[in-house]
Amino acid sequence: GIQVEQSPPDLILQEGANSTLRCNFSDSVNNLQWFHQNPWGQLINLFYIPSGTKQNGRLSATTVATERYSLLYISSSQTTDSGVYFCAVEPPSGTYKYIFGTGTRLKVLA
Amino acid sequence: NAGVTQTPKFRVLKTGQSMTLLCAQDMNHEYMYWYRQDPGMGLRLIHYSVGEGTTAKGEVPDGYNVSRLKKQNFLLGLESAAPSQTSVYFCASSYSSYQETQYFGPGTRLLVL
């Protein structure tokens with residue numbers, strides 16, 4: 001099956017710093033989403049981005065489907081950005097199944 | 001809108017006991033999913049449903065059963081709980097697989113002794 005790898009696995013930032021999180025996938029995908037899991041366990045969808053670039057405030061994401069990767073950019077990080085960031089991909093053929101990566105654990109220090 | 005809710009929030013079972021986890025959504029979504037999340041790992045899909053009365057297996061379906069008798073509810077059953085099923089269970093829903101977002105419930109923490 002499709003493999004989803006995220007890097008780095010852990011990241012510590014000082015408040016105000018910028019960061020780039022990467023998601024590589026081993027095969028073509030129908031869909032790709034980025035999620036944030038806060039320290040209390042709640043999962044929030046950040047982006048639905050099978051291709052191209054989207055921005056939402058301090059966050060933006062780019063997916064280059066032909067090269068099988070996606071990037072999540074966090075600018076001017078805040079302590080509330082702490083948590084785990086997951087990317088999830090939906091393999092082709094309309095399977096409706098999302099495969100999650102193991103996540104990047106981010107800690108932003110005040 | 002309450003969004004996606006899960007019942008119960010936390011449960012302790014003994015090996016061999018059975019239980020049902022309830023997921024409810026009030027967004028009129030067609031698709032619903034059950035995932036499990038083990039420590040330090042991403043989510044793995046257990047079962048999913050693409051509409052009322054339909055269910056399908058995900059990555060890790062063994063030991064679980066599901067039912068979708070009503071569009072708004074998706075039940076996950078453990079017939080004979082095992083310690084390996086200790087995990088956090090998340091339910092999610094989406095309007096369709098072609099729509100943008102999966103919305104997640106708050107999770108159910110299950111401990112099997």
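**Ground rules.** I am working with a predicted model, where local features need pLDDT of at least 70, side-chain atom pairs count only at pLDDT 80 or more, and totals for chains, interfaces and linings use all residues. Residues are numbered from 1 along each chain as its sequence is written, chains are lettered from A and ligands numbered from 1 in the order written, and side-chain values use heavy atoms, without hydrogens and water.

**Largest pocket.** I looked up its volume and found about 580 Å³. A pocket here is an open set of points on a 1 Å grid over the protein atoms alone, where a 1.4 Å probe fits, with protein on both sides within 12 Å along at least five of seven lines; lining residues have an atom within 4 Å of a point. The volume is the space filled by probe spheres set on the points, which are joined across faces, edges and corners. I noted 31 lining residues, with A:Q37, A:G41, A:V84, A:R105 and B:Q37 the closest to the centre. β9 (83-90) and β11 (104-109) of chain A, and β9 (87-94) and β11 (108-112) of chain B, each give at least two lining residues; strands are DSSP runs of E, at least two residues, numbered from the N terminus.

**Strand β11(B).** What does it pair with? β2 (residues 10-13) of chain B runs parallel to β11(B) over four bridges, and β9(B) pairs with β11(B) in the antiparallel sense over three bridges; pairing needs at least two DSSP bridges. I found B:F10 opposite B:R109 and B:Y89 opposite B:T108.
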